Amino acid sequence: MKNKNTINIAAIAAFSLLFSCNGIAQKIDPDAVKPLYVSDPVDFDTDDPAIWVNVANPAQSLVIGTDKDENGGLYVFDLKGKIVPAKTVKGLKRPDNVDIAYGLNLAGKKTDIAVTTERYTHKLRMYALPDMKPVDHGGIPVFEGETGPEFSDLMGIAMYTNPKGEIYAIVGRKSGPKDGGYLWQYLLADDGTGSVKATLVRKFGKYSGKKEIEAIAVDNELGYVYYSDEQFGVRKYYADPAKGNQELSLFGQGDFSVDNEGIAIYKTAGNKGYVLVSDQGSRQLKVYNRAGKSGAPNQHPLLATVKYSANQTDGIDVVSVPLNNDFKHGLLVAMSDDKTFHFYRWEDIAGKQLDVIP
């Protein structure tokens, strides 16, 4: 009996620790929020998710996730985390981040698109939703003219739609200048054949030089772009190039155990809500006030820390619209380093400390 009990204790201990890609063991907190679903695994290495809301039928919404490998892909999942093989795109050269834009005018039709960064080709790859038909003529080059692979290796992507309906891609890379040009912003439009062309409109963004800038998120309604300057803080700028390139805020410094990583925005009524940032080293989300402080919209205090089950999270995404009976108050998707994505009900993430849409 003694030996049997020893084995059981050892087994429990083994399950309570997961070893991350950098060899650091992370405890699973027994009180951590559990996902409603864990996705089917991808072939190589999950990195970043994006949620596409099917406006006509929210229950048919999709999650698109990157498989970060030199023979990687864009995996498409249903709302139970099941792979949709007919829509999944494979054979991409290390796709890193992915984001969604709604209503790009292509061939006279409003078209939703998924955009991913293909790191080894230095191109954006774009696919029309929901069928995932390519609309990029094999890829759109970005960071043209930059020298050195680290200055052109694509990583982060966020889509911005301005009040006029114009759609932009804001793109990050492995490395870049420390002041005024780490991020490049492109205006997207029809190239005359029903595919997408991209026109460079600005270079902006400070960089600490500590690690890299990967996670980028845009708040369309308030007109801001946020990005994680890893191991330094979260930076905030105007998303509209016409409003200038001054930094509006730097926050989150000292809040993260290792890396400040994925960023997503949960939106509630009255332009309130939360900026969520994954704490990659400790199975946590840091939650900041989207609206800032009263009278100081660019001051973003830390409101809460939410422990969850996803391990070594790079990318996250969240929506605050009802999707189906499982996700009545929104969905948060987080990458986990076992080749999966975790699907969380927002009310489980919110608990008693955060707001939930009706």
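The radius of gyration used here is taken over C-alpha atoms, and the globule rule is 2.2 Å times the number of residues to the power 0.38. For 358 residues that rule gives a radius near 21 Å, and the protein chain has 20 Å, so the value agrees with a compact globule. Keep in mind as you explore that this is a predicted model.

**The whole chain**

- The protein chain contains 3 helices and 27 strands.
- Along its principal axes, the C-alpha trace spans about 75 × 50 × 45 Å.
- Of the 358 residues, 54% count as buried.
- Among contacts with a separation of 6 or more, 50% join residues 24 or more positions apart.
- The accessible surface comes to about 15100 Å², and carbon and sulfur atoms make up 51% of that.

- To spot one of the pairings, find Y160, whose bridge partner in β14 is Y168.
- Between the two strands of this hairpin there are 5 residues, and G165 takes a positive phi near 90 degrees.

- The peptide bond from L129 to P130 is cis, with omega near 5 degrees. P130 lies in the loop between β10 (123–128) and β11 (133–134).
- F143 is a residue other than glycine with a positive phi, near 55 degrees. Look for F143 in the loop between β12 (140–141) and α2 (149–152).
- Is F143 buried or exposed? Its relative accessibility is 2%, so F143 counts as buried.
- Q231, also not a glycine, has a positive phi near 65 degrees. Q231 sits in the loop between β18 (224–229) and β19 (233–238), and because its relative accessibility is 40%, Q231 counts as partly exposed.

**An exposed loop residue**

- A269 is found in the loop between β21 (260–268) and β22 (272–279).
- With 68% relative accessibility, A269 is above the cut-off of 50%, so this residue counts as exposed.
- A269 and A310 are 41 residues apart along the chain, and their C-alpha atoms are separated by 28 Å.

How values were computed: Residues are numbered from 1 along each chain as its sequence is written. This is a predicted model: local features need pLDDT of at least 70, side-chain atom pairs count only at pLDDT 80 or more; totals for chains, interfaces and linings use all residues. Side-chain values use heavy atoms; hydrogens and water are left out. Two strands pair if DSSP finds at least two bridges between them. Helices (H or I, at least four residues) and strands (E, at least two) are DSSP runs, numbered from the N terminus. Buried means under 20% relative accessible area, exposed over 50%, partly exposed in between (1.4 Å probe, protein chains only). Contact means heavy atoms within 4.5 Å. Accessible areas come from the Shrake-Rupley method with a 1.4 Å probe; for residues, only the protein chains shown count as cover.
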